[in-house]
Structure formats: C-alpha cells, structure tokens
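Dear colleague,

I am passing on the structure we spoke about, and below it I have set out what I found when going through two of its regions. Please read the notes with the structure open beside them.

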Amino acid sequence: MEVLAMLRQLIGQVKQLLELHAASSSSSNISFHPQTPPLLHLPRFYFLNRDENSAEDSCFNIIMTAGKSENLKMLEPGKPPPKKKARKERNRGEVTGTSHSIENLDQQIWKEFPEDLIEAVVARLPIATFFRFRLVCHKWNSMLTSQSFSEQCAQVPQPQPWFYTITHENVNTGAMYDPTLKKWHHPTIPALPTKLIVLPVASAGGLVCFLDIGHRSFYVCNPLTRSFKELPARSVKVWSRVAVGITLCGKSASEGYNILWVGCDGEFEVYNSRNNSWDRPGTMSSNIKLPLALNFKSQTVSIGSKLYFMRSDPDGIVSYDMVTGVWKQFIIPAPLHLSDHTLAECGGRIMLVGLLTKNAATCVCIWELQKMTLLWKEVDRMPNIWCLEFYGKHVRMTCLGNKGLLMLSLRSRQMNRLVTYDFSTGKWMKVPGCILPRGRKRQWIACGTAFHPCLTAVA
C-alpha cells in the first residue's frame with residue numbers, strides 16, 4: 001500500500017509538471033520549480049507498470065533517465081519516444097562545424113602568408129602541378145613573370161629533362177613526356193603554323209627551337225608557358241639539310257641565347273636573341289671536309305659555349321665555339337657494325353648511342369669519348385633479355401634526347417618500343433605508349449628533343 005501511495009503521489013507531481021510545461025514554452029528540458037518536491041533521489045531507472053489498482057496511470061508513459069536532473073525529459077501522451085541519432089549523423093554535424101572553422105582558419109593563414117614564401121614553395125613544386133597551378137587565380141598566374149619568382153626558381157636544382165616529340169599521325173601537334181611521373185602531356189601551341197610541318201630540332205634553358213620542314217623559318221617556344229617567338233627571316237636561303245644548335249648566353253634564357261644552323265655545304269648563321277638578328281660571323285675552316293652529312297637526326301650537343309655535331313665520311317665530330325667563332329674537326333673512327341647513331345651528353349662528357357648489329361642479333365649500345373685517345377669506349381648496353389625481342393628483325397632507332405637522359409624509339413614492322421636510359425644511374429626504363437586524347441591507337445614517335453622544363457623561360 002505504501003508503494004501504491006508513493007506512485008500516486010509521483011503521478012500527481014507529474015501531472016502538475018505537465019500542466020506547467022503546457023503553459024510555458026515547448027522546451028523539452030523542464031526546470032523544476034523550487035517548491036516542487038525534488039525527484040533527484042529516485043533510482044537510476046524507474047519503469048511505471050500499469051495494473052488494475054492504478055487506472056489513472058495508464059494515461060501516461062513515463063520514462064525517466066538518470067544521470068543529470070536537468071536532462072529529465074517527459075513524453076506527451078500519444079507522442080513516440082525520440083529516436084537516437086545514428087553515429088554518422090552526429091559525426092556529420094561535428095565535421096561540418098569543424099570544416100567551417102578550419103576553412104576560416106585557412107583563409108586567415110593564407111591571407112597573412114608572406115608572398116616570398118609562397119613563391120619559394122611554388123618554385124619547388126613538381127613541374128606537372130604547374131598546369132593546375134596557373135588556373136587557380138590571376139595573381140598566381142602572373143607570378144610566373146615576376147623577377148622574384150625567377151630568382152626562386154634559379155635556386156632549385158634542375159629537374160630531369162622532359163621530351164617534346166612529334167608523332168607520325170599528328171605532325172602539327174606535339175606530345176610531352178614527363179619521365180618522373182611516367183606520363184604524357186598533350187600541349188597546344190596556337191602560335192605555331194598549322195599548314196606547315198614544324199619539327200623540334202634543339203633546346204636550351206627550357207626553350208625549344210622549331211624549324212619548318214622547308215627550312216624557311218625558325219620558331220622558339222616554351223612548351224609549358226606557351227611563350228612564343230618567330231625569328232626573323234634568314235639572310236641566306238639554304239634549302240639543303242641543316243643541323244641546328246642552341247646555347248645560353250648566361251645561366252638562364254633571360255640572359256639571352258644564340259642559335260646556330262649549319263648546312264651541308266658549310267654555310268652557317270648565328271642568331272642572337274639580344275639583338276633579334278641573324279649574323280654571319282665568318283666562314284668555316286678550310287681543314288673541314290665538305291660536304292657535311294647532316295640531317296634531322298644529326299642532333300647537336302651543347303657543352304658550355306660549344307656545339308658538337310656528328311658527321312660522316314670521314315667519321316668524326318665537328319665543333320663550333322659560340323664565343324670565339326672557331327670551327328674544329330675531330331676524326332674519330334666509328335665502332336664496327338654501327339647504325340642509327342647519334343651524339344649525347346652527360347655532365348660535360350660526349351657520349352654516343354647507336355644500334356650494334358651482327359648477324360641476326362641487334363643491341364643498343366652506349367659509348368663514351370675518351371679525350372686523350374679520341375676513341376669510343378663502350379660503357380653500357382641494353383639488357384640482353386630486351387635485345388632478344390629484336391632478334392632477326394630489321395630494327396630502326398631514333399634518339400629523342402641527349403641531355404643526360406635518352407629516349408629511344410625502336411621500331412620495326414612488328415613492334416614499336418620507347419625506352420629511356422639514364423646516364424647517371426645506368427637504368428633502362430620502358431616508356432608507356434603515347435595515346436592521343438580521345439584516341440586508342442598508340443602513336444609512333446617521329447622525332448623530338450629533350451628539354452629542361454622551366455616555368456620562367458621566355459622566348
């Protein structure tokens with residue numbers, strides 16, 4: 001009976017609280033009146049069970065949760081108990097609030113971030129991020145032309161060279177290969193003429209020199225920034241095959257550059273970017289045998305202010321000093337059974353790469369020029385397991401770079417392979433096939449040149 005009396009007293013108190021709750025605001029948390037008997041000394045959970053002696057108790061369902069008195073919640077008649085929120089929903093609300101605070105914090109940090117530190121960070125980012133970087137805002141895009149940013153880039157070690165190539169089916173558009181990410185890029189250079197076949201023939205300081213197939217016009221461009229310039233018309237009309245080389249006047253292209261072209265008959269001219277004009281500084285030395293066997297595969301090697309060309313009949317190397325204007329010739333016998341060979345350079349050393357074919361076996365070999373004896377010494381060759389693929393096939397090779405990292409295009413009727421060779425590490429790496437955007441067919445690389453990617457080089 002005492003328990004029943006306590007329950008009836010409790011129900012009466014609950015009725016009073018509900019009346020007060022209905023008259024006040026619709027808040028779910030009820031503050032108890034000071035005169036209201038405290039309910040804090042109840043056990044942790046009380047479930048009020050209905051029976052025949054408590055008919056009025058059936059009007060209410062009371063659930064009291066222990067822990068904190070201020071969180072005591074009452075349920076109105078006919079109203080279902082509140083559902084517990086899932087952990088994901090609770091976390092979503094917390095994450096949303098946290099993200100807003102982090103966003104506000106990031107805006108404040110970047111607002112006060114020193115400009116010179118931003119340039120220092122950007123100058124050290126991977127080159128591939130540049131394509132997304134310059135789309136962020138006009139301010140970041142204009143940063144590339146600032147003098148302070150150029151100084152920051154000059155302090156960064158030179159990255160691995162990239163390759164600018166031309167494919168057989170798309171001679172009017174180029175494809176760039178990033179050996180660090182092993183990824184192809186397909187830039188567009190709107191200023192290049194589309195009605196002519198324009199080929200990359202040389203590079204220096206992040207700039208690539210182009211020559212149209214009719215040997216009429218020269219163009220200089222930075223493939224990353226699309227900085228472009230068409231060079232003045234040459235004073236000498238040479239329609240024969242030519243070899244082209246480019247050197248810098250200082251440590252970067254901003255200090256100027258010189259371009260040399262030389263024809264098979266010994267005619268040559270030098271372009272000076274500071275004067276924007278062609279000049280004929282003299283004539284070729286009489287001890288150099290003419291004509292020179294030159295073509296687009298006669299890639300030049302630049303070491304300091306000197307340019308080196310491969311020649312044949314007799315086999316050897318011809319050099320030209322951009323500073324002194326002196327021509328020299330070195331008679332160097334070529335290795336036996338050699339074909340499709342070209343010059344390369346690594347750390348000031350003159351290298352030779354070519355196909356060595358004997359009987360039905362073909363292999364790619366690397367030689368280094370010995371300065372004392374003026375003889376070629378073999379220093380490396382492609383792994384034998386790779387060379388087995390060439391056995392019995394008529395393989396042709398094109399070298400697409402000569403600045404410490406080679407890209408070789410090996411092809412026959414049954415295959416088309418691209419590989420790179422790193423002079424510093426001696427590693428051979430296979431290159432993924434070049435596939436044009438929205439295309440499926442692998443492209444054959446016709447020609448190309450290596451260039452050191454530079455964000456600040458201006459044509």
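**Strand β7 and its partners**

In this predicted model, strand β7 pairs with strand β8 (residues 218-222) in the antiparallel sense, over four bridges, and within that pairing the bridge partner of L211 is F218 in β8. Strand β6 (residues 198-204) also runs antiparallel to β7 and is joined to it by six bridges, with A202 standing opposite C209. β6 and β7 form a hairpin with two residues between them, and G205 in that turn has a positive phi of about 60°.

A polar atom of the D212 side chain lies 2.5 Å from the backbone nitrogen of S217. Leaving aside neighbours within four places in sequence, D212 is in contact with L196, I197, V198 and S217.

**A separate set of strands**

There is also an open sheet of four strands, in the order β14-β15-β16-β17 with antiparallel pairing; its edge strands, β14 (301-303) and β17 (327-331), each pair on one side only. Neighbouring strands of this sheet are turned by 25° against each other on average, direction ignored. Three bridges connect β14 with β15 (residues 306-311), and I303 stands opposite K306 in β15.

Terms used:
Residues numbered from 1 in each chain as written. Predicted model: local features only at pLDDT ≥ 70, side-chain atom pairs only at ≥ 80, totals over all residues. Heavy atoms only, no water. Polar contact = N/O pair within 3.5 Å; in protein donor to acceptor, adjacent residues only side chain to side chain. Contact = heavy atoms within 4.5 Å. Pairing = 2+ DSSP bridges. Axes fitted to C-alpha atoms, helices over the stretch in contact; angles between N-to-C directions.
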